[in-house]
Amino acid sequence: MRPLNSKAWSIWGLALMLLLLFAAPAQATPYFAAQTDKACSFCHVNPNGGQALTKEGYAFRANGFYLDED
């Protein structure tokens with residue numbers, strides 16, 4: 001097997017840069033909703049979940065992702 005030449009390295013570098021440039025942001029999963037039996041809107045402003053949190057969402061995160069159900 002021969003080593004890659006500079007043109008091959010350039011192609012690989014360009015491919016990696018394009019992959020990183022167009023990579024989609026990580027998407028949240030409904031894991032916590034399934035764990036807590038709560039809708040995504042319990043913790044998130046957007047009813048579909050993700051991004052901005054409600055006061056309950058901030059409390060959930062601050063409590064180590066456990067519900068404080070007194």
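User: Start with helix 1. Is helix 1 largely in the open or largely buried?
Analyst: Largely in the open, because the number buried is one out of its 16 residues. Bear in mind that this is a predicted model.

User: What span should helix 1 have, and what do its end C-alpha atoms give?
Analyst: Helix 1 covers residues 6-21. At 1.5 Å a residue it should span 22 Å. The end C-alpha atoms are 22 Å apart, so the two agree.

User: Which residue caps the N-terminal end?
Analyst: Asn5 does. One of its side-chain oxygens lies 3.1 Å from the backbone nitrogen of Lys7.

User: Which residues make up the nonpolar patch on the surface?
Analyst: Leu14, Met17, Leu18, Leu21 and Phe22. Together they have about 580 Å² of accessible area. Leu14 lies in helix 1 and is partly exposed, at 48% relative accessibility.

User: Why would residues spaced three or four places apart point the same way?
Analyst: An α-helix has 3.6 residues a turn, so residues with that spacing point the same way.

User: Now Phe60. Where does it lie, and is it buried or exposed?
Analyst: Phe60 lies in helix 3, residues 55-62. It is buried, with a relative accessible area of 6%.

User: How far is Phe60 from Ala8?
Analyst: Their C-alpha atoms are separated by 49 Å. Along the chain the two are 52 residues apart.

User: Backbone next. What is the phi of Asp37?
Analyst: Positive, about 60°, although Asp37 is not a glycine. Most residues other than glycine have a negative phi.

User: Where is Asp37 found, and how exposed is it?
Analyst: Asp37 is in the loop between helix 2 (31-36) and helix 3. It is exposed, with a relative accessible area of 72%.

User: And what about the phi of Phe65?
Analyst: Phe65 also has a positive phi, about 65°, and is not a glycine. It is found in the segment after helix 3. Phe65 counts as partly exposed, at 35% relative accessibility.

Definitions and conventions
Residues are numbered from 1 along each chain as its sequence is written. This is a predicted model: local features need pLDDT of at least 70, side-chain atom pairs count only at pLDDT 80 or more; totals for chains, interfaces and linings use all residues. Side-chain values use heavy atoms; hydrogens and water are left out. Helices (H or I, at least four residues) and strands (E, at least two) are DSSP runs, numbered from the N terminus. The expected span of a helix is 1.5 Å times one less than its number of residues. Buried means under 20% relative accessible area, exposed over 50%, partly exposed in between (1.4 Å probe, protein chains only). A polar contact is a pair of N or O atoms within 3.5 Å; within protein, one must be able to donate a hydrogen and the other to accept it, and residues adjacent in sequence count only if both atoms are side-chain atoms. Patches are made of residues with over 30% relative accessible area and no salt bridge: like charges are joined within 9 Å, nonpolar side chains (Val, Leu, Ile, Met, Phe, Trp, Tyr) within 5 Å. Accessible areas come from the Shrake-Rupley method with a 1.4 Å probe; for residues, only the protein chains shown count as cover. A salt bridge is a side-chain nitrogen of Lys or Arg within 4 Å of a carboxyl oxygen of Asp or Glu.
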